[in-house]
Amino acid sequence: MKYKFELCVTAPQGCQVAEECRLDRIELCSALSEGGLTPSYGLLHYACSQSVYSKVNVLIRPRAGDFIYSTSEVRVMRDDILCAKDEGANGVVIGCLNPEGWLDIKAMEVLLKAAEGMQVTFHRAFDVCADRIAMLELLIALKIDHVLTSGGMGSAQAGIAELAALQQQAKDRITLIAGAGVGPSNIAEIAQLTGIKEFHFSAKDTIPSQMQYRNLEVFMGLPGSNEYELQTTSLTKVIATIKALCDAQAQH
């Protein structure tokens with residue numbers, strides 16, 4: 001059984017890990033602490049120019065918070081998609097909702113037109129929509145390629161039952177990607193119990209800053225944030241996650 005792996009990365013180092021492991025895709029973004037935002041142009045250019053094995057799918061999300069976007073925000077998202085296309089990105093990761101928790105068709109049409117010819121993933125806005133069963137059918141009708149989902153729960157492991165039901169509904173009409181909290185300890189269980197074959201994970205780790213002089217009275221983020229700790233992508237965790245699934249598959 002062929003599984004596919006998508007690594008969520010926010011820096012050149014993460015792109016390098018994905019290439020070293022020859023992963024199928026990366027989801028390129030920034031600000032994971034905010035749930036992921038559109039990456040900078042520089043990072044986009046780096047990822048697309050350096051990618052050989054891992055296809056680059058770019059998260060298009062202009063701000064944190066809900067998925068209701070103004071006309072101006074949709075224009076920004078459209079332009080970000082066109083920029084990703086110009087750089088040679090494989091695909092984009094998008095999602096727009098209205099206040100009732102349903103798909104914002106008008107906004108999605110603008111973004112899908114801009115993304116024509118690219119792979120399209122509907123992101124975890126799906127998990128906060130009002131009716132995932134109906135939403136899945138609509139995304140299929142719109143010819144969306146992938147849906148990234150945790151089954152409407154805080155983690156893919158907690159959403160296993162819903163993921164299994166959605167996978168049954170999807171059949172071969174659209175591809176589900178299980179994401180949120182996926183790692184070495186649970187990927188095999190999620191795969192076995194849901195039938196899903198594509199997985200999204202970040203393999204996050206933290207390393208200490210190289211700064212020797214430290215002013216502990218100043219915070220660039222929220223008060224109390226650790227400004228002398230850097231988030232990185234762990235090669236060890238990526239390898240362990242893939243190995244856990246491959247080992248489980250070999251035992252069956």
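The legends below describe close-up views of a predicted model.

**View 1. A salt bridge joins E6 and R25.** The side chains of E6 and R25 form a salt bridge with an N to O distance of 2.8 Å. E6 belongs to strand β1 (residues 4-9) and R25 to strand β2 (residues 25-28), so the bridge ties together parts that are 19 residues apart in sequence. Both E6 and R25 are buried. This pair is also part of a network of salt bridges that links E6, R25 and E198. Over the whole structure, the search finds 9 salt bridges.

**View 2. E198 sits in strand β8 and takes part in the network with E6 and R25.** Strand β8 covers residues 198-201. E198 has a relative accessible area of 9% and therefore counts as buried, since the cut-off for buried is under 20%. The side chain of E198 also makes a polar contact with the side chain of H146, at 3.5 Å. With neighbours within four places in sequence left aside, E198 is in contact with K4, R25, H146, T175, L176, I177 and A178.

**View 3. A salt bridge connects R63 to E73 in helix α3.** The side chains of R63 and E73 meet at 2.6 Å, N to O. R63 is in the loop between β3 (55-59) and α3 (71-86), while E73 is in helix α3 itself. The two residues are 10 residues apart, and the pair links distant parts of the chain. R63 has a relative accessible area of 22% and so is partly exposed, because the partly exposed range begins where buried, under 20%, ends.

**View 4. R78 and D79 form a salt bridge.** Their side chains meet at an N to O distance of 3.1 Å. R78 is partly exposed, at a relative accessible area of 30%. D79 is likewise partly exposed, with 38% relative accessibility.

**View 5. Helices α5 and α6 pack against each other.** Two packed helices are described by the angle between their axes and the distance between the axes. For α5 (residues 132-141) and α6 (residues 160-170), the angle is about 35° and the axes are 11 Å apart. The crossing of α5 and α6 is right-handed. On the α5 side the contact is made by R132, I133, L136 and E137, and on the α6 side by E162, L166, Q169 and A170. By class, the residues of this contact comprise 4 nonpolar, 1 polar and 3 charged.

**View 6. The side chain of D127 reaches backbone nitrogens of S150 and G151.** D127 is located in the loop between β5 (119-122) and α5. With a relative accessible area of 8%, D127 is buried. A polar atom of the D127 side chain lies 2.9 Å from the backbone nitrogen of S150. For the backbone nitrogen of G151, the distance from the side chain of D127 is 3.4 Å. Not counting residues up to four places away in sequence, D127 touches R132, L148, T149, S150, G151 and G152. Among these contacts, R132 is also one of the α5 residues that make the contact with α6.

Conventions. Residues are numbered from 1 along each chain as its sequence is written. This is a predicted model: local features need pLDDT of at least 70, side-chain atom pairs count only at pLDDT 80 or more; totals for chains, interfaces and linings use all residues. Side-chain values use heavy atoms; hydrogens and water are left out. A salt bridge is a side-chain nitrogen of Lys or Arg within 4 Å of a carboxyl oxygen of Asp or Glu. Helices (H or I, at least four residues) and strands (E, at least two) are DSSP runs, numbered from the N terminus. Buried means under 20% relative accessible area, exposed over 50%, partly exposed in between (1.4 Å probe, protein chains only). Axes are lines fitted to C-alpha atoms, for helices over the stretch in contact, and angles run from 0 to 180 degrees between N-to-C directions. A crossing is left-handed if the near helix is turned anticlockwise from the far one by less than a right angle, and right-handed if clockwise. Contact means heavy atoms within 4.5 Å. Ala, Val, Leu, Ile, Met, Phe, Trp, Tyr, Cys and Pro count as nonpolar, Asp, Glu, Lys and Arg as charged, and the others, Gly among them, as polar. A polar contact is a pair of N or O atoms within 3.5 Å; within protein, one must be able to donate a hydrogen and the other to accept it, and residues adjacent in sequence count only if both atoms are side-chain atoms.
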